[in-house]
Amino acid sequence: MRGRSTWIVLAALFAAGMFSLGLGASFWRTQREEIARLPAQYEAQMERLAHRYAKGDEAGYWAYYTASPTWQQPHPLAALAWGVRDVAPLVTWVRLLGLEPQLYDAPLGNPRLQALGGFDLAFVLGILAPCALLLLSHDALSRDASRGTLPLLAAQAGGLAPVLAARIAAALLLVLTTCALLWLASLVWSGLEIRPALDSATWLSSAALHLLFWAALAAAIASATRTPAASLATALGCWVFIVVLLPALVNLALSASFPVPEGLELTVRQRQAMHETWDQPRQPNFARFLSERPEWPHAKEVPEQFTWTWYYAMHELADRSVSELAKSYAQRLRERRVWTERLSWLCPPMLLQLRLCAIARTDLESHLIHLERVRAHHHQLKLHFFPLIAADKTLLPADAARFPRFSDSAPPSLPPPASTPLILLSIAALLIVRPSRLLAA
Amino acid sequence: MIELESISIHFSGRPVLQNLSLQVPAGRIFGVLGGNGAGKSTMLNIILGFLKPDSGRVRVDGVDPGRNAADARARIAYIPESVALYPELSGEENLAYFAGIAGCRLSAVETRRLLNRVGLRDADAPRRLGQYSKGMRQRVALALALARQARVLLLDEPTTGLDPEAATQLATLLRELSSEGAAILLTTHDLWHLSLDTDEIGILRGGCLAAQFHAADLSPQQLAQAYLEPR
Amino acid sequence: MKTLTWIAQQEARLVWRRLSTRVLWGLFTLFLVAAALLSHQRQTSERRQQRHYQELVRREWMEQPDRHPHRVAHYGNFAFKPRSPLASFDPGVEAQVGRVQYLEAHRQNAMNFAEAGGLTAAGRLGELSPAFVAGPLLALVIAVIGHGAFVEDRELGRLRVLLAQGAGRHALWWGKAGGLTLAITPFALMVPVAQVAATLLWSGQSGLTDSLFGSDALLLRGCLLLLAMLLHALLWVLVTVLVSSLAATRAQSAATLLCMWLCACLVIPRAAAGLASALSPLPTRSEFNARLASELEKLGDSHNPDDPAYVTFREGLLRKYGAVSLDELPVNYKGILMAKGEEQTSQVFEAEMSRVESVMDRQDALVSAVAWLSPVLSWQDISMRLCGTDVIAARRFARQAEAWRYGFVQKLNALQRDHISHSQNSTQRLDRSHWQEFEEFRPVAPSLAEVLRGSQPAWFRLGLACVIIASAVGLMEGRRRTA
């Protein structure tokens, strides 16, 4: 493909990229703004409480009505690879009550849009860029083979290999340049910080490595087909198979073979445990609570009427009853992730998607880590409130300033899945390149 | 059977055919000799009704293809240079398909009979056309002409790419068809076969018939001289 | 007409002569069978799980000991989103909508454990489903098989020969289109075959009977799905032959068709989703909750009988019964107050939720508008609705769950009002036999008539697109004279 059509393909790729950057910038801004609003929302809530309990009230009431926000500060690269961000919540509000029912709420979203999928730069680089590369390079040799100029060309250049290499490299360079331009545009336009320079470099080099695989595949296809129509059909057939069908099949197989029944079980069990304790004799249960809370020996006895100590102890006991399930829920999801990673070795676009999202901290693992940090924060709340509640303290609005707040640490840094499979697959594709076959009539 | 009278046609201002007149009566074979760009394909397109001349009169078996293309085409069997048929289908299937489009449904027996008639053996009939030589494909096309009982045959470069044996057999077949009353018009660069296998020869140059001879009056050498002379 | 059918027959035969068609059919069937089996297995096991927990929850509800009615209101209940039996054909938005909702007094909780929440980043590349095979993949097959329909004849010089036989341009065009339609029939027919086979295979094992749809409606829905699939395929056939008749070379035709497919299946749907959420953004959960909290703050606390917000309400009630103090009332004031509070909070929630839903409606409207550009979106719309896995069904479920929640909470408040004395409100329990009177939650999916009414625009879009192309062909081929 030469001349005008080359520029049309590249312009379309660039336009798609710019569109994704626009959406990504607005997506990222929304998330940043949401997090930026959290302190004000928290303050507004505390003000309402201060108004309601102006003369002070039991610590238990304060704890009951205080919800404190926890969040994941989005990595700048999250604007370019949204990952699971639209289906896994960014912000979780926690109260001192049982934690488990508070963890798994779906974010407010339109399921129809979520099902259609996101249009982020990772999509453009991982799905559309290979297509552009194939469109530019599939007929590297067949355009001459069909015109009969191939022997002449081979005679001029001293074999077909240099011709093929030069043409594929030119196509690759054009597509890579477009991607690099998009990258620069993303830096300028959305005002991204280049600060995580290492992350940025890894991100961009993963995308480049992925294109290298497709270039190797394009070389293999170009050297195996004689007419432009055949090389186009083969190239796009490979593309559809690798980019659309294979991931879709792998995903279906994984979700069919790793069901996660823990979700339902956890919800149902937590509630039952929580409410059963109301109707049971209190003392043995309370002893059970204290067995893991040695810090409050003074709260040994629990009266038969309502006390906050007992109320929160019950919540914690309910959490404890499903803690194994919660662990195995996360475990199941991690298993699924491990298998996705393994199978992605055979499917470069999946691997790229995993890598890009891991670097941008928008993959499942980052979300699971976020959940762990929410747990830690909930624990902080307990450490703060339990002694006050056990001692039956009355809190004044001024005390609210000392309530624990979620501390926003840097997003977790995780090693992304290795890119060696990409290199191996590229080499494998290069091994089947035999342009000289085309000269044999 | 084929009558062209003072045909002129222009493509974007450039004259391609100017005042071209020729006649091929029934039972005659007319060969048109011309270099590349002389207007041979345009002439065929006008006869087939794919193009309408700017001026002049065209009749195919008395029908004006410019007005009534379908009726004219029903009287014509056209065999292009590449003899483009379907390589996925066998010889007999191709014959049946194209004849079917022309409106005559052939039985298996008729198909075989027609193919035998043009010299294709029973063993070749069920083979895929992709494995045929050009000569064999031409025979399928001629069988099609027979099937449709076409009064007029148009052949574009029939001898190009044929080995001498196949070319001779083709000439024999064409001669048989013309003796049965068909008017045959063929275009070619091939001086040798032209002078041997045709009745009339026209030299197309600059969009009009520069010269016309009886084939019997000229040897191939004289024809070559006549063709090359003016340069 | 005779020529047309002859061409169509022969064209279809020609297509199936090619080895590539047969290989393609094999691959298509392989993917279809894999999708049908895996999808069925998954849906069946999830349904079985869900049924198990549904029964467990029901049993636990019935076996509750003597309790104070308001305790029971906080014990609450669960609404499980029923899986439609056709979800294995098109899971639609099932993975994005949560599976279970906890229902309790005073609050409207979110759906939990959406399957998509547990997906890896690569999982968001999409999942294979029979609906995907029947829609986008079949369209791809049509483009691959049919891209040469006209242009190959032209490139090889056969078109002149075909026309020289006296075939009219219209007959040739429609013959080609008919031939392509016939040629893809063996592909299309595998879809219902695979679906029925998978259903028989798995339903034999699970022994599930489905209350959601009557079995005859199921059959009718299946037939309508088949019809929609064929209409969508027909549109692609027309597009393919049209492109093929306009293209200069086979490679050009193939590139054009595949780019169209890429846009229709991957780019436009995602772009529409991105655009819709950028143009009409939804509030985040935090914003929503914050608004809700500030609205609720205005109401007062219905747990607190002395809340100043309810003083006039209390006075009015005392006047109505002619009583001086709350203890003199023949009914339990706390129960009445609770009922009043529930009524108010659920009104507030309803108002907030309908604001959110109106934003979602705007987003959906944009996607529908974009569906004019991508027939795949129209196909998805029809198939999701027929399978009962669309957003409308999900929203209807949520509304029914809320209505049911409101119903049982108010019933419990009534029990408190009538059976619990005001003075002993904190210690008195209600006999467990009362819990037996509560009915199980039985959500009703949109009926077939509603589904058809809702999917009218999508049917219209597909049908009109076919008509437009057909008439364009009529005009174009009528005018053209040369080969």
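The points below go from interfaces to voids to local detail.

This is a predicted model, in which local features need pLDDT of at least 70, side-chain atom pairs count only at pLDDT 80 or more, and totals for chains, interfaces and linings use all residues. Residues are numbered from 1 along each chain as its sequence is written, chains are lettered from A and ligands numbered from 1 in the order in which they are written, and side-chain values use heavy atoms, with hydrogens and water left out.

Chain A and chain C bury about 7700 Å² between them. Chain C and chain B bury about 2600 Å². Buried area is the accessible area (1.4 Å probe) that two parts lose on being put together, summed over both.

**Chain A with chain C**
- Chain A puts 82 residues into the contact, and chain C puts in 93. Contact means heavy atoms within 4.5 Å.
- Carbon and sulfur atoms account for 68% of the buried area.
- The interface has 4 salt bridges. A salt bridge is a side-chain nitrogen of Lys or Arg within 4 Å of a carboxyl oxygen of Asp or Glu.
- C:Arg67 pairs with A:Asp279 in a salt bridge, at 2.5 Å from N to O.

**Chain C with chain B**
- Here 26 residues of chain C meet 29 residues of chain B.
- Carbon and sulfur atoms give 55% of the buried area.
- C:Trp6, C:Arg160 and C:Gln165 supply 26% of the area that chain C buries against chain B, more than any other three residues.
- There are 3 salt bridges between chain C and chain B.
- C:Arg17 and B:Glu93 form a salt bridge, with their closest N and O atoms 2.5 Å apart.

**Pocket and cavities**
- On a 1 Å grid over the protein atoms alone, a cavity is a set of points where a 1.4 Å probe fits but cannot get out, and a pocket is an open set with protein on both sides within 12 Å along at least five of seven lines; lining residues have an atom within 4 Å of a point.
- The second largest pocket has a volume of about 1100 Å³. Volume is the space filled by probe spheres set on the grid points, which are joined across faces, edges and corners.
- Its lining has 44 residues; A:Ala233, C:Ser20, C:Leu24, C:Val144 and C:Ile145 lie nearest the centre.
- H10(A) gives the most to this pocket's lining, with 9 residues. Helices (H or I, at least four residues) are DSSP runs, numbered from the N terminus.
- The pocket lining divides into 27 nonpolar, 8 polar and 9 charged residues. Ala, Val, Leu, Ile, Met, Phe, Trp, Tyr, Cys and Pro count as nonpolar, Asp, Glu, Lys and Arg as charged, and the others, Gly among them, as polar.
- The structure holds 15 cavities of 30 Å³ or more. The largest cavity has a volume of about 830 Å³.
- The largest cavity is lined by 35 residues, with A:Ala115, C:Gly126, C:Glu127, C:Phe132 and C:Gln380 nearest its centre.
- H9(C) gives the most to the lining of the largest cavity, with 5 residues.
- That lining has 21 nonpolar, 8 polar and 6 charged residues.

**Local features**
- In chain B, helix H1 (residues 40-48) is mostly covered, with 8 of its 9 residues buried. Buried means under 20% relative accessible area, exposed over 50%, partly exposed in between (1.4 Å probe, protein chains only).
- B:Gly49 follows H1(B), and its phi is positive, near 85 degrees.
- C:His170 lies in helix H7 of chain C. C:His170 is partly exposed, at 36% relative accessible area.

Key
Helices (H or I, at least four residues) and strands (E, at least two) are DSSP runs, numbered from the N terminus.
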